[in-house]
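Good morning, and thank you for making time for this item. Please look at the model on the screen while I go through its side-chain pairs and its overall architecture.

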Amino acid sequence: MKRTKETFFRYHPDWQHRETISGCREFDGEDLQFDSRKDYFKRMQKQWLDQQVRDKQAMQEHERLNDHAYDQQALEMNRMRGMLEDRFNDTKKNMREFTKDENELLAKQRKDM
């Protein structure tokens, strides 16, 4: 029980509620709901904290999944680039061999003439 002053949301109890045969049950400025309200706010604060923890964990999991997806995409792009580079090098090698063979054939034809 905590003593408080009257505010707009907590009024003084009327005289019939304050006085009984056995004496006074509630005094002016007395806050009978202090403990229950304190417990309620404590529970609310715990719920908010738990919600924030869940949100943060969800955000971290989302970030981890995004990073994993980005890494997978980068690996796939590197693999594709490597395949294209190998194909280009093979084509270039084949072109050089073809050009070499063609030049040798032309050189042979010139000698024969």
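**Aromatic and charged pairs in a predicted model**

I begin with the rings: the structure holds one aromatic pair. The partners are Tyr40 and Phe41, whose ring centres are 5.6 Å apart and whose planes meet at 55°, so the pair is classed as tilted. The rule behind that word takes rings of Phe, Tyr and Trp (its six-membered ring) as paired if their centres lie within 6.5 Å, with planes under 30 degrees apart called stacked, over 60 edge-to-face, and the rest tilted. Tyr40 has 41% relative accessibility and counts as partly exposed; Phe41, at 48%, is also partly exposed. For these classes, buried means under 20% relative accessible area, exposed means over 50%, and partly exposed lies in between, with a 1.4 Å probe and protein chains only.

A word on the basis of these values. This is a predicted model, in which local features need pLDDT of at least 70 and side-chain atom pairs count only at pLDDT 80 or more, while totals for chains, interfaces and linings use all residues. Residues are numbered from 1 along each chain as its sequence is written, and side-chain values use heavy atoms, with hydrogens and water left out.

I turn to the charged side chains. Side chains of opposite charge can pair when their charged atoms come close. A salt bridge here is a side-chain nitrogen of Lys or Arg within 4 Å of a carboxyl oxygen of Asp or Glu, and by this rule the count comes to four.

Glu61 is partly exposed at 35%, and Arg64 is partly exposed at 47%.

Another of the bridges joins Arg79 and Glu76, with an N to O distance of 2.6 Å. These two also sit in helix H2, three residues apart, about one helical turn. Arg79 has a relative accessibility of 42% and Glu76 one of 38%.

Glu85 and Arg81 form a further salt bridge, at 3.0 Å from N to O. They are four residues apart in helix H2, so about one helical turn separates them. Both are partly exposed: Glu85 has a relative accessible area of 41%, and Arg81 is at 48%.

Finally, the chain as a whole. The protein has two helices and four strands, in the order β-α-β-β-β-α along the sequence. Helices (H or I, at least four residues) and strands (E, at least two) are DSSP runs, numbered from the N terminus.

How many of the 113 residues count as buried? The share is 6%. Among contacts (heavy atoms within 4.5 Å) with a separation of 6 or more, 52% are between residues 24 or more positions apart.
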